[in-house]
Amino acid sequence: MKRQVLIIGAGPGGATAAYYLAKKGIDVLLVDKETFPREKICGDAYVGSLFPNFFDEMGISEEMIANAAAPLSEIQLYDPSEESALFKMDSGKGATGYIIPRRIGDDIICKAAQRAGAEFMERYDAKELIIERGVVKGVRGFHEDKEMEITADVTIIANGSHSTLSQQLGLLNEDPSMSMFAMKAYFTGVDNMVFGRSTQFYMPETIPGYKGNTMSCFSLNAKDPECYATTLLAIVPYKTLEWWIHNSKQGPKYMKNAKLLSPKKGWRLVGTSYQQKNYVRGAFLIGDACSGPEGDHFYGIPPSMWGGRTAADLIEEMYQQNDFSEAKYATFYDKMCDMLNGEYDFYETTRKIMKSDPMMPMIKEFTQWAKQQPNYPNVGYGQMTLQYLKDVHGISYPKRNSAVSIGQ
């Protein structure tokens with residue numbers, strides 16, 4: 001089978017590339033090893049910047065909101081002393097995003113690509129890139145257990161943080177200090193949840209073996225007014241969670257009557273300090289397939305979707321100019337560096353703070369300071385954080401790219 005463009009991975013990044021390529025009239029095949037809708041072990045938040053930058057143009061904003069379990073309107077932050085502070089998510093301008101189960105939200109984006117004209121093949125397990133004289137020419141794999149070879153002028157690799165294809169190219173160059181583990185599960189019967197509020201917990205000081213220099217935390221997000229909740233855990237061993245549920249001051253308050261609706265699932269999320277090399281001749285890599293954003297802070301959907309759109313624009317230029325040279329592929333790296341590295345600079349400042357001061361005591365100090373401010377709680381969480389770092393610690397942050405940031 002021969003196509004102009006082959007996209008491996010139908011998550012938000014791959015589906016976005018397929019959407020824009022199809023709108024440009026380019027023959028595109030989008031493949032994924034799963035059957036959609038499929039679950040994704042990651043956060044269920046689709047941040048606000050995605051709506052004007054992508055979903056409006058795709059014609060799916062209303063559908064996304066209609067399928068939202070909850071808006072992201074405010075955040076309640078529990079510090080290591082288990083005292084809390086409440087913040088607006090975006091300075092009171094409305095929801096900064098929406099909690100939408102990934103099996104639903106990702107499927108809506110994928111269907112938008114199909115309506116635009118992209119062909120979608122499910123249950124295709126890509127095993128090995130076809131490389132001739134150093135140029136990627138397609139992929140070998142299995143479709144419903146039958147061997148299938150697909151060749152293409154351009155291949156986009158968007159199949160996530162465990163991509164054996166990016167490993168084949170030597171481009172999964174993660175920074176282990178930026179990587180993390182996430183665990184996700186759905187519960188019912190979680191008490192004291194507020195619709196539209198994300199409740200975030202840092203590990204309490206009373207936990208056995210507590211160390212205050214890590215970002216051990218997790219969050220509960222109300223899914224609907226009946227208080228179904230999704231739990232996303234980051235850098236928290238399961239035994240630690242069990243201890244928190246039964247022995248902490250706040251755990252029983254929320255989880256005493258909780259019942260598990262789905263199996264607990266975990267996934268390793270790669271991360272990196274700055275944009276990594278994301279191309280070879282014949283192929284682009286987007287999202288976590290090229291090590292992705294820094295795991296601790298930089299949310300992955302916006303940069304992966306920007307990568308998909310940028311790759312689509314560049315592929316259109318390549319056909320118009322009949323230029324498929326190594327130098328042309330390299331411009332993708334330059335474009336993504338220009339777009340994303342400013343945001344990485346923003347988080348590099350956070351990492352420096354974490355290395356110079358134990359993080360957990362600083363979070364405790366922040367929540368106490370915030371509640372003393374005259375504009376509390378009617379100011380955005382992100383804005384309050386930046387003000388605290390500037391006023392208390394004399395730290396000024398680089399300017400962010402609002403199109404790719406979380407938008408707090």
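## A proline in a loop

Pro37 lies in the loop between β2 (28–31) and β3. Helices (H or I, at least four residues) and strands (E, at least two) are DSSP runs, numbered from the N terminus. The bond that joins Phe36 and Pro37 is a cis peptide bond, with omega about 0°.

This is a predicted model, in which local features need pLDDT of at least 70, side-chain atom pairs count only at pLDDT 80 or more, and totals for chains, interfaces and linings use all residues. Residues are numbered from 1 along each chain as its sequence is written, and side-chain values use heavy atoms, with hydrogens and water left out.

## The protein as a whole

The protein has 11 helices and 19 strands. Of its 408 residues, 56% are buried. Buried means under 20% relative accessible area, exposed means over 50%, and partly exposed is in between (1.4 Å probe, protein chains only).

The protein exposes about 17100 Å². Carbon and sulfur atoms supply 49% of that area. Accessible areas come from the Shrake-Rupley method with a 1.4 Å probe; for residues, only the protein chains shown count as cover.

Contact means heavy atoms within 4.5 Å. Take the contacts between residues at least 6 apart in sequence: 73% of them join residues at least 24 apart.

## Nonpolar cores

A nonpolar core is a set of buried Ala, Val, Leu, Ile, Met, Phe, Trp, Tyr and Cys residues joined through side-chain atoms within 4.5 Å. The largest one here has 78 residues. Phe55, Ile156 and Phe284 have the most contacts inside it. Helix α9 gives the largest share of this core, 9 residues. Another core, of 21 residues, lies apart from it; Ala126, Ile157, Leu285 and Ala289 are among its members.

What does Phe55 touch, not counting residues up to four places away in sequence? The list is Tyr46, Leu50, Ile60, Ser61, Met64, Ile109 and Met305.

## Strands around β11

Two strands pair if DSSP finds at least two bridges between them. Strand β1 (residues 2–8) runs parallel to β11, and 6 bridges join them. Arg3 has Ala152 in β11 as its bridge partner. Strand β19 (residues 283–285) is also parallel to β11, through 3 bridges. There, Ile156 is partnered with Phe284 in β19. Both Ile156 and Phe284 were named above for their contacts in the largest core.

Strands β10 and β11 run antiparallel, joined by 6 bridges. Arg140 stands opposite Glu149 in β11. The hairpin of β10 and β11 has 2 residues between the strands.

## A three-stranded sheet

Another group of strands forms an open sheet. Its 3 strands come in the order β3-β7-β4, with antiparallel pairing. Strands β3 (45–47) and β4 (70–71) stand at the edges, each with a single partner strand, so one side of each has no neighbour in the sheet. Strand β3 is joined to β7 (residues 97–99) by 3 bridges. Val47 stands opposite Gly97 in β7.

## Backbone exceptions

Most residues other than glycine have a negative phi, and most peptide bonds are trans. Glu144 is not a glycine, yet its phi is positive, about 50°. Glu144 lies in the loop between β10 (135–143) and β11 (146–157). Glu144 is partly exposed, at a relative accessible area of 42%.

Asn322 also has a positive phi, near 50°. Its loop runs between α8 (301–321) and α9 (326–356). Is Asn322 buried or exposed? Asn322 is exposed, with a relative accessible area of 65%.

A cis bond also runs from Tyr376 to Pro377, with omega near 5°. Pro377 is in the loop between α10 (359–370) and α11 (381–393).

## Ser81 and the cysteines

Where is Ser81? Ser81 sits in the loop between β5 (74–78) and β6 (84–88). A polar contact of 2.6 Å joins the side chains of Ser81 and Asp79. Such a contact is a pair of N or O atoms within 3.5 Å; within protein, one must be able to donate a hydrogen and the other to accept it, and residues adjacent in sequence count only if both atoms are side-chain atoms. Leaving aside neighbours within four places in sequence, Ser81 is in contact with Glu205, Lys249 and Lys364.

How many disulfides are there? The count is 0, where a disulfide is a pair of cysteine sulfur atoms within 2.5 Å. Cys110 is buried, at a relative accessible area of 0%. Cys337 counts as buried too, at 13% relative accessibility.
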